[in-house]
Amino acid sequence: MLYVIERINHDCGSHFDFVVNSIFPELTQCLEQSSQNFFSAADPDIFHERYLSWLKFISLLESDLSKLSKQNLKNSKAYQDFSSRWDVIVYYQIRFLEISNSIENILLNQPFILNNEQNSPYKTLITSTIFQSIDRCWQPNIFLEPLSHEFWKLTLQCIVRFRIWIETFNAKTMDMKFLVNLYVDLQVFSNKIKTLFQEIILSQRLISLTSISSNIAIELTHVLDEILSGLMNKSRMDLKNLIIQQLIDRCNETLHSVQEIPRMYRKTNREAPTKPSNCILATFRHLQTFSDDYNGTLLSSDECQEFLTITMEEITKRYYDLCSEILSSVRKMEESMQRLKRVRESSRTPSNQSQNMTTSASVTLTDDNKIRKQIQNDVTAFTTELEKLNIHIESSNKLTILNEESQVQI
């Protein structure tokens, strides 16, 4: 028929557009009358199917038209009226609620749950949910090209929502296992999003947009990198600090018992110490447990060593402060006792002084020296445990200082 019309136009010198003026108006009128809910987005799946069929039909129709006819069709009232009746905005609002609600429901009801899904690259349910939500935006049965900018915006919103949640939750009482899994998930998540962006979003979904200018692809890549950088540099570092702080808190809780050493030996007639305090070994058990649980499984050896090293830097400084306080107290006590002793001796007879010296010489270790000896044993054990875990810290010189300060005074 197009061929016939073209011949008639040529013979008669007319410019009648058969598709624009005859076929298209009749076709759209027939479609509108076929169903009262033809354009309804109430069922997004049906709407998506119909809309794609419409776009496919227009594409096939335009393939048979001349350049002038294509332009006439796009400018025709029938085309514009029919196209405007597709309520893609309502469709997007429905999809937005579906996708955003799936994330918010997890954050509200199951935020700190590990992922039980087999073969999933993610260890936490929230990370898996957010990635699936982003991936869903670009699935063929969800994505519509006129909504490219909206789905791109939603993708970025999902990532930002993830970052804000990590930065605001209270992790002091949270299970360390979840924190470590989430820490690992963020690296996997970032890599997967970059792959999705390159292989699907840019290469398949936004190809008509990026074909306009190469700068568009560059700008989109820059925006995504900036968003992911906030997640990796800020949120992941926050998680790392939370994990380390939990380790420090656990170690400090047991290390705090060091303060009980003076009470153990002062005026108790307890024998001189030969072993390190239990709190030293208990402190390092926390580190060994962390290493056993995550080294080579969730964390690489280098990552695990970094966690332990940072933790022990802080613990060693804390241990030094505790012991320094004890040794300082011991010195002050000794000086006070010596002053009192000199006062007493000055009032005694020479024979009494000689007898007192003999008695003092027979004493093996004073209470203060027992305290020093215990700290010396503990420092030795502390150093040995660091070596077992292959931890090298800058503050190890503080242990050397403690060892010197805790030498038994004669």
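Colleague: Which element gives the most to the lining of the second largest pocket?
Modeller: Helix α1 does, with 4 residues. Keep in mind that this is a predicted model.

Colleague: Which other elements give two or more residues to that lining?
Modeller: Besides α1 (2-12), they are α2 (18-34) and α4 (67-75).

Colleague: What volume does the second largest pocket have?
Modeller: About 420 Å³. The lining is made up of 16 residues, and those closest to the pocket centre are Glu6, Asn9, Phe16, Ser66 and Ser69.

Colleague: And how does the lining split by class?
Modeller: There are 7 nonpolar, 6 polar and 3 charged residues in the lining.

Colleague: Changing topic. How is the chain divided into domains?
Modeller: Domain 1 covers 1-85, domain 2 covers 88-212, and domain 3 is made of 252-341 + 366-406.

Colleague: What separates the centres of domain 1 and domain 2?
Modeller: 38 Å, with the centres taken over C-alpha atoms. The contact between these two domains takes 8 residues from domain 1 and 12 residues from domain 2.

Colleague: What area is buried there, and what do carbon and sulfur atoms give?
Modeller: Domain 1 and domain 2 bury about 760 Å² between them, and 73% of that comes from carbon and sulfur atoms. On the domain 1 side, 58% of the area buried against domain 2 is supplied by Pro44, His48 and Tyr51, more than any other three residues.

Colleague: How many salt bridges does the rule find across that interface?
Modeller: The rule finds 1 between domain 1 and domain 2.

Colleague: Separately, what is the N to O distance for arginine 95 and aspartate 45?
Modeller: The closest N and O atoms of that salt bridge are 2.8 Å apart.

Colleague: How many salt bridges does the structure hold?
Modeller: 14. One of them joins the side chains of arginine 136 and glutamate 98, at 3.0 Å from N to O.

Colleague: Why does that pair tie together parts that are apart in sequence?
Modeller: Because arginine 136 lies in helix α7 (residues 125-137) and glutamate 98 in helix α6 (residues 88-109), the pair links parts 38 residues apart in sequence.

Definitions and conventions:
Residues numbered from 1 in each chain as written. Predicted model: local features only at pLDDT ≥ 70, side-chain atom pairs only at ≥ 80, totals over all residues. Heavy atoms only, no water. 1 Å grid on protein atoms, 1.4 Å probe; cavity = no way out; pocket = protein on both sides within 12 Å on 5 of 7 lines; lining within 4 Å. Points joined across faces, edges and corners; volume = space filled by probe spheres on them. Nonpolar A, V, L, I, M, F, W, Y, C, P; charged D, E, K, R; others polar. Domains from an automatic or database assignment. Contact = heavy atoms within 4.5 Å. Buried area = accessible area lost by both parts, 1.4 Å probe. Salt bridge = Lys/Arg side-chain N within 4 Å of Asp/Glu carboxyl O.
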